[in-house]
Amino acid sequence: MKTLITPEQVVTLAFGDGEYVAPDAVRETDIAAAEHRYIRPIVGGRLCEALAEGRYAALLDDYVAPALAMAVRTMLQRAINVCTGQAGLVVADSEGAKAAPTAAADALQRSLVRRRRALVRRLSEHLCSERESYPEYNPAEDAAQHCSIDGNIIQVY
């Protein structure tokens with residue numbers, strides 16, 4: 001499966017210093033799902049294909065990869081918080097660490113979603129302001145140029 005970024009890039013871009021997640025925890029199918037849900041509605045099919053072909057490396061590195069990595073993390077974070085094993089769903093707990101309370105996990109998830117939205121908006125604004133540099137980009141296909149979520153209010157324009 002061809003994705004725009006690798007599991008290693010997801011870990012590098014979406015997890016901070018001191019946060020450890022093995023790249024094996026991120027599957028290419030997770031990246032493909034995040035691309036489909038969060039990136040393709042912004043860049044459109046033609047530009048997404050051009051990025052997959054290796055064109056526009058600076059756009060990929062500076063705008064698409066950070067937004068995509070954060071999208072993958074927001075999709076995976078809840079699953080990372082718990083484990084599924086022979087005994088079913090369990091929360092990790094050891095002498096050196098214990099699971100965070102639900103309120104902390106919820107606060108982290110909200111923070112990650114805000115970061116993802118900001119990075120996706122940044123990508124959209126860059127594409128819109130530099131559209132002559134990306135002939136495959138069509139602002140009419142960019143969902144962020146026609147819809148926004150402010151609090152719990154969805155605005156379509």
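**View 1. Leu-127 lies in helix α4.** Helices here are DSSP runs of H or I with at least four residues, strands are runs of E with at least two, and both are numbered from the N terminus. The model is predicted: local features need pLDDT of at least 70, side-chain atom pairs count only at pLDDT 80 or more, and totals for chains, interfaces and linings use all residues. Residues are numbered from 1 along each chain as its sequence is written, and side-chain values use heavy atoms, with hydrogens and water left out.

Leu-127 is buried, at a relative accessible area of 0%. Buried means under 20% relative accessible area, exposed means over 50%, and partly exposed is in between, with a 1.4 Å probe and protein chains only. Leaving out residues up to four places away in sequence, Leu-127 touches Ile-42, Val-43, Leu-47, Leu-59, Tyr-134 and Tyr-137. A contact means heavy atoms within 4.5 Å. Asn-138 is 11 residues from Leu-127 along the chain, and their C-alpha atoms are separated by 9.1 Å.

**View 2. Ser-124 is another residue found in helix α4.** Ser-124 has 0% relative accessibility and counts as buried. Its contacts, not counting residues up to four places away in sequence, are Ile-42, Tyr-137, Asp-142, Ala-144 and Gln-145. Ile-42 and Tyr-137 are also touched by Leu-127.

**View 3. The whole chain, for orientation.** The secondary structure comes to 4 helices and 4 strands. From the N terminus on, the elements run α-α-α-β-β-α-β-β. The protein has 157 residues, and buried residues make up 36% of them. Take the contacts between residues at least 6 apart in sequence: 69% of these join residues at least 24 apart.

**View 4. Helices α1 and α3 pack at an angle of about 90 degrees.** Two packed helices are described by the angle between their axes and the distance between the axes. Here the axes of α1 and α3 are 8 Å apart. Axes are lines fitted to C-alpha atoms, for helices over the stretch in contact, and angles run from 0 to 180 degrees between N-to-C directions. The two helices, α1 and α3, are therefore roughly perpendicular to each other. That label covers angles of 65 to 115 degrees; under 35 is roughly parallel, over 145 roughly antiparallel, and the rest oblique.

From α1 come Gln-9, Val-10, Leu-13 and Ala-14, which meet Ala-65, Pro-66, Ala-69, Met-70, Val-72 and Arg-73 in α3. The residues of this contact divide into 8 nonpolar, 1 polar and 1 charged. Ala, Val, Leu, Ile, Met, Phe, Trp, Tyr, Cys and Pro count as nonpolar, Asp, Glu, Lys and Arg as charged, and the others, Gly among them, as polar.

**View 5. Glu-19 and Arg-73 meet in a salt bridge.** Side chains of opposite charge can pair when their charged atoms come close. A salt bridge is a side-chain nitrogen of Lys or Arg within 4 Å of a carboxyl oxygen of Asp or Glu. The structure holds 4 of them. In this one, N and O are 2.9 Å apart. Glu-19 lies in the loop between α1 (7-14) and α2 (28-52) and Arg-73 in helix α3 (residues 57-81), so the pair ties together parts that are 54 residues apart in sequence. Glu-19 is partly exposed, at 36% relative accessible area. Arg-73, at 3%, counts as buried.

**View 6. Glu-53, Arg-55 and Glu-136 form one network of salt bridges that share partners.** Glu-53 and Arg-55 meet at 3.0 Å, N to O. Glu-53 is exposed, with a relative accessible area of 59%. Arg-55 is partly exposed, at 39%. Glu-136 also bridges to Arg-55, with the closest N and O atoms 3.7 Å apart. Glu-136 lies in the loop between α4 (102-129) and β3 (147-150) and Arg-55 in the loop between α2 and α3, so this pair ties together parts 81 residues apart in sequence. Glu-136 is buried, at 11%.

**View 7. Tyr-56 sits in the loop between α2 and α3.** Most residues other than glycine have a negative phi. Tyr-56 is not a glycine, yet has a positive phi of about 60 degrees. At 22% relative accessibility, Tyr-56 counts as partly exposed.

**View 8. Glu-35, in helix α2, has its place there.** Glu-35 is buried yet has no salt bridge. The nearest side chain of opposite charge, Arg-40, is 5.8 Å away. Lys and Arg count as positive and Asp and Glu as negative; His and the chain ends are not counted. Glu-35 touches Thr-3, Leu-4, Ile-5, Arg-40, Pro-41 and Leu-68, residues up to four places away in sequence being left out.
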